[in-house]
Amino acid sequence: MYNIFMNESNEQHTGFLGTYFDRDVVLRMVRLAGNFAWIVLGIYIFTTLISFTQFMLQFATGIFNQKGILALDLVSYFTPYLIQFVPGLIYFFGLKLAGYSLLILLDIEDNTRRTARKK
C-alpha cells in the first residue's frame, strides 16, 4: 500500500513490464506538488492581505475622495481585493488534483501488478 509520507515503498518489485511509474519518484512528486500548492496559496493570501491593508490605510486617511459617493461605488473599491487570491485557489486545487491523479494512477498500476502476480 502507498503512504504519501513514506520515502520508499515496502513492496518488492515484480518482473511485470507493463508498468510506467517508479512508485518512489511519483510519491515524492505528489508530496512536492502538495507542498508547493500550500506555498502558492500562502503567497497569494499574503499578498492579498498586504494589498488590502495598504488600501485600507489609504482609504482611512482620505486619499480616496468620498464626497458624493454612492454605496455601490464604495463597494466597487473593495471588490478587486476580494478576488485577488482566486488565482491562488485555482493553482492550489490544480496542484492538489494533479497529485491525487498521480496517486490514482499508482493505484491502477498496483492493481495491474497484483493481477500479473496472480497469473
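I looked up Y77 and found it partly exposed, because its relative accessibility is 24%. The cut-offs I used are under 20% relative accessible area for buried, over 50% for exposed, and partly exposed in between (1.4 Å probe, protein chains only).

The model is predicted, so I noted that local features need pLDDT of at least 70, side-chain atom pairs count only at pLDDT 80 or more, and totals for chains, interfaces and linings use all residues. Residues are numbered from 1 along each chain as its sequence is written, and side-chain values use heavy atoms, with hydrogens and water left out.

Next I looked up the aromatic pairs and found 12 in the structure. Rings of Phe, Tyr and Trp (its six-membered ring) pair if their centres lie within 6.5 Å; planes under 30 degrees apart are stacked, over 60 edge-to-face, and the rest tilted.

I checked F59 and Y77, an edge-to-face pair with 6.2 Å from centre to centre and 70° between the planes. This pair links distant parts of the chain, since F59 is in helix α1 (residues 23-61) and Y77 is in helix α2, 18 residues apart. Helices are DSSP runs (H or I, at least four residues), numbered from the N terminus. F59 is buried, because its relative accessible area is 15%.

I then checked F92 and F93: their ring centres are 5.3 Å apart and their planes at 70°, so this pair is edge-to-face. F92 is buried at 9% relative accessible area, whereas F93 is exposed at 55%.

I also noted a cluster in which ring pairs link F52, F55, F59, Y77, F78 and Y81.

Last, I looked up L82, which lies in helix α2 (residues 71-82). L82 is exposed, because its relative accessibility is 56%.

Note on methods
Helix = DSSP H or I, 4+ residues; strand = E, 2+ residues; numbered from the N terminus.
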